[in-house]
Amino acid sequence: MRFLRPPARRLCSSASPPLTWERIASKDPKPGALPLLLVPGFACGIAEWTVLPRRLARTSRRDVIAFDHRGIGGSPAPAGPYSIPTLARDRPDE
């Protein structure tokens, strides 16, 4: 079994609230291909995707972006309550 070093996770301070995210770069990118954004389910984050982002980057030849919802993983937890519409307005930006 080969262990891959996970990509660096970044905290996007311009988002409100700040979100932790990572971009998995394709080693053989398709020219002009837009990145794939993985949107986790409620109360889920980057960790739940396990190896899927790396496999998608390799097979789709696109960069893949994954993020932690507010209060999950490395993203801070502002005062709640949280709802699906609230989480939908959050977005990682570079």
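Reply: Happy to! Let's start with Glu-22, which stands opposite Ala-66 in strand S4. This is a predicted model, where local features need pLDDT of at least 70, side-chain atom pairs count only at pLDDT 80 or more, and totals for chains, interfaces and linings use all residues. Residues are numbered from 1 along each chain as its sequence is written, and side-chain values use heavy atoms, with hydrogens and water left out.

Strands (E, at least two residues) and helices (H or I, at least four) are DSSP runs, numbered from the N terminus. S4 covers residues 64-67: Val-64 and Ala-66 point one way, Ile-65 and Phe-67 the other way, and all are buried. Buried means under 20% relative accessible area, exposed over 50%, and partly exposed in between (1.4 Å probe, protein chains only).

Now its partners. Two strands pair if DSSP finds at least two bridges between them. S2 (residues 19-24) pairs with S4 in the antiparallel sense over four bridges, whereas S3 (residues 36-38) runs parallel to S4, joined by three bridges. There, Leu-36 stands opposite Val-64.

Asp-63 lies in the loop between H1 and S4 and Arg-23 in strand S2, so the pair ties together parts 40 residues apart in sequence.

Asp-68 is buried, at 2% relative accessible area.
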